[in-house]
Amino acid sequence: MANANLLAILAAAATGLLIGGLWYGPLFGKAWMAEHGFTQQQLRSVSMLKIYGLTFAFSVLSAVFLGHLLAFFDTSARATLMISVGIALGYIIPAIGTNYLFSRKSGKLFAIDAGYWLTFYAAMGSVFLLLGH
């Protein structure tokens with residue numbers, strides 16, 4: 001892990017959190033809420049500090065492993081983006097797709113969440129390209 005760029009890791013994690021705020025806020029927030037059957041009142045009744053804090057911790061964990069992987073292979077720009085997006089396409093999206101099939105979640109909700117994870121990993125890969133890995 002010594003070869004990973006800590007600044008890039010934290011920036012990638014923060015970028016993922018920012019994308020989540022936009023994705024599940026103004027971009028797809030209403031559709032996401034409707035697919036889950038959530039109301040504004042229900043969402044206000046939970047600790048947002050806890051949710052955002054844990055979300056950031058999970059984003060840091062994802063960024064640590066992505067940064068370590070990219071640093072280990074010392075990738076080119078093309079390979080960095082292929083690996084980053086490939087993680088979403090090859091691991092994350094099939095995993096949530098399987099969960100959504102068995103829990104009978106809608107295709108619309110799957111598309112919203114799959115699109116988020118694809119964008120999340122593409123953005124993190126882009127941050128590593130800009131700041132180094």
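Because the model is predicted, local features were considered only at pLDDT of at least 70 and side-chain atom pairs only at pLDDT 80 or more, whereas totals for chains, interfaces and linings use all residues. Residues are numbered from 1 along each chain as its sequence is written, and side-chain values rest on heavy atoms, with hydrogens and water left out.

Helices are here DSSP runs of H or I with at least four residues, strands are runs of E with at least two, and both are numbered from the N terminus. Buried denotes under 20% relative accessible area, exposed over 50%, and partly exposed the range in between, for a 1.4 Å probe and protein chains only. In soluble globular proteins, nonpolar side chains tend to be buried together. Apart from neighbours within four places in sequence, Ala63 is in contact (heavy atoms within 4.5 Å) with Ile9, Ala12, Ala13, Met124 and Phe128.

Ser62, in helix α4, counts as buried because its relative accessibility is 19%. The side chain of Ser62 makes a polar contact with the side chain of Tyr121 at 3.4 Å; such a contact is a pair of N or O atoms within 3.5 Å, of which, within protein, one must be able to donate a hydrogen and the other to accept it, and residues adjacent in sequence count only if both atoms are side-chain atoms. When residues up to four places away in sequence are not counted, Ser62 touches Phe120, Tyr121 and Met124.

Thr80, which lies in α5, is buried, with a relative accessible area of 0%, and, with residues up to four places away not counted, touches Leu70, Thr75, Gly125, Leu129 and His133. Val85, likewise placed in α5, is partly exposed at 23% and touches Leu118 and Ala122 under the corresponding exclusion of residues up to four places away. The C-alpha atoms of Val85 and Gly125 are 7.7 Å apart in space, although 40 residues separate the two in sequence.

The largest pocket holds about 880 Å³ of space. On a 1 Å grid over the protein atoms alone, a pocket is an open set of points where a 1.4 Å probe fits, with protein on both sides within 12 Å along at least five of seven lines, and lining residues have an atom within 4 Å of a point. Of its 26 lining residues, Gly20, Tyr24, Trp32, Ile51 and Thr55 are the closest to the centre. At least two lining residues come from each of α1, α2, α3 (40-44), α4 and α6, and α4 gives the most, with 8.

Elsewhere, Arg104 is found in the loop between α5 and α6 and counts as exposed, at 67% relative accessibility. The phi of Arg104 is near 60°, a positive value in a residue other than glycine.

Notes. Points joined across faces, edges and corners; volume = space filled by probe spheres on them.
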